[in-house]
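Hi,

Here is the structure I said I would pass on. Have a look at it first, then read my notes below.

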Amino acid sequence: MKIVTIVGTRPQFIKAAAVDRAIQGFNKRKRRIYEILVHTGQHYDYLMDKVFFEELELPRPDYHLGVGSGSHAKQTGMMLERIERVLVKEKPEMAIVYGDTNSTLAGALAAAKLNIPIAHIEAGLRSHNRTMPEEINRLLTDHLSTFLFCPTTQSVKNLIKEGIKDGETKVVKKVGDVMYDSILYYSKIAEKQSTILKDLNLLNPQSAIRNPQYYLATLHRAENTDNPDRLKSILTALNEIGKKVPVILPLHPRTKKMMSAYHLFPRNQRIRFIEPVSYLNMLKLEKNATAILTDSGGVQKEAYWFRVPCLTLREETEWMETVRSGWNVLVGIEQKKIVQEIIHLEKTRLTKKGTRYESISTGIFGDGKASEKIIQTLFRK
Ligand code: UD1
Ligand code: UDP
């Protein structure tokens, strides 16, 4: 069976790597799935793109569409046109798309117009905030898809509310989160291979257990980066927190661009800005962080899986399960609130790490076999 997988951004490379391993496993045992990998080119810097293909041993894309950056309409429109050309040429029996980026929507729309069935991995998530470009992308992709693979029970419920349910015309299935598959597989490798803590001088030679002390932050959500007041408020908070404990911030190119445009690189800089890091280095940084501050979807979940307290720099999240468990706090973007929450964490939770929270082994995000379940569902005939 010929399928086309469409990816284009950092988190999609990570998700596709998990499913790709399941495809390889399937092909060893049964008949061949012939996968054609299409890279839209939405992310293109080495540290946002190739580093993941190398480290996660993803196959080289069969088609690189070289779309690059642009306004939503321009970027999505260029992708649509170029993906259509590939689909017309390759005539796949199915298209697979991931998550909620412009590459997801363009892939789904191009396939839908050609009547090619779509499998959406990470279906059913909702923030209920339609000003987010991601919310529009996921809504439309879900409504166009035939196979909807949901990471959580809540995501299945969200779809039912919109009239999308398992039945004759659609397959809606909770399979778990492919990023959980990934973290289980790669965190062991990261443990052995990543030298990032040493490279960043974060190990404390004085301590017998060499326990590092640092906060890890990531920031890239358009609602935060493209609004100078919000961006300034978050950066000021991180800078203040950094006076006591190092704050490491692998800087997304979008954020770097906006910080330069708004002249927001702090004067008395206490934040340690570094280049975006590879996935293995990121896992190592997350696992050993005292706490994580982020507006990323993927990083919120990884914090939860590593049992690291997380402050989410947004007003809402698609991952309410992590909030309800107590590991994640929706702190918003107000400088004072962020700093206060860190003080609160230091006083209470951090000293009792792992005791006050619900265990993570409750299967909220599946059992680490989401990718295999997806492949079995799609190709069981
Ligand atoms: C995109 C997704 C977002 C996802 C994120 C993952 C959309 C609408 N947004 O956001 O959902 O969470 O990826 O990281 O699809 N840039 C570079 N080099 C690169 C990539 C981007 O310099 O390799 C800069 C460009 O100035 C570009 C800006 O970052 O204009 C934003 O990139 P874009 O791909 O449009 O959105 P992201 O913010 O990366
Ligand atoms: N990530 C990474 N290096 C970084 C920042 C993030 O490898 O410098 C990984 C992170 O571990 C997670 C994924 O990228 O697996 C999340 O991607 P991102 O935050 O860009 O997007 P989102 O999940 O918000 O869509």
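In what order do the six strands of the open sheet with parallel pairing come? The order is 10-9-8-11-12-13. Strand 10 (271–274) and strand 13 (328–330) are the edge strands, each pairing on one side only. Going by direction-ignored angles, neighbouring strands here are turned by 20° against each other on average.

Before you go further, a bit of housekeeping. This is a predicted model, where local features need pLDDT of at least 70, side-chain atom pairs count only at pLDDT 80 or more, and totals for chains, interfaces and linings use all residues. Residues are numbered from 1 along each chain as its sequence is written, chains are lettered from A and ligands numbered from 1 in the order in which they are written, and side-chain values use heavy atoms, leaving out hydrogens and water.

Helices (H or I, at least four residues) and strands (E, at least two) are DSSP runs, numbered from the N terminus. Two strands pair if DSSP finds at least two bridges between them.

Now to strand 11 (residues 291–294). Strand 8 (residues 215–218) runs parallel to strand 11 and is joined to it by four bridges, with Tyr-215 standing opposite Ala-291. Strand 12 (residues 310–312) is also parallel to strand 11, with three bridges between them. There, Ile-292 has Cys-310 as its bridge partner, and Thr-294 stands opposite Thr-312.

In a regular strand the side chains alternate between the two faces of the sheet. Strand 11 is covered on both: Ala-291 and Leu-293 on one side and Ile-292 and Thr-294 on the other are all buried. (Buried means under 20% relative accessible area, exposed over 50%, partly exposed in between, using a 1.4 Å probe and protein chains only.)

Helix 12 (residues 279–288) is mostly covered too, with seven of its 10 residues buried; among them are Tyr-279, Leu-280 and Met-282.

Helix 10 (residues 228–241) lies across strands 8, 9, 10 and 11, at about 115° to strand 10. Helix 13 (residues 297–305) lies across strands 8, 11, 12 and 13, at about 165° to strand 11. (Axes are lines fitted to C-alpha atoms, for helices over the stretch in contact, and angles run from 0 to 180 degrees between N-to-C directions. Contact means heavy atoms within 4.5 Å.)

Is His-220 buried or exposed? His-220 is buried, with a relative accessible area of 19%. You'll find it in the loop between strand 8 and helix 9 (222–225). Not counting residues up to four places away in sequence, His-220 touches Thr-225, His-252, Arg-254, Thr-255, Asp-295 and Ser-296.

There is another open sheet, with seven strands in the order 3-2-1-4-5-6-7 and parallel pairing. Its edge strands are strand 3 (63–64) and strand 7 (171–174). Four bridges join strand 1 (residues 2–7) to strand 4 (residues 94–98), which run parallel, and Val-4 has Ala-95 as its bridge partner. Helix 4 lies across strands 1, 4 and 5, at about 160° to strand 4.

Finally, the axes of helix 3 (residues 72–90) and helix 4 (residues 102–113) come within 8 Å and cross at roughly 45°. That makes helix 3 oblique to helix 4 (under 35 degrees is roughly parallel, over 145 roughly antiparallel, 65 to 115 roughly perpendicular and the rest oblique). Residues that meet there include Met-79 and Leu-80 in helix 3 and Leu-105 and Ala-106 in helix 4.

Cheers
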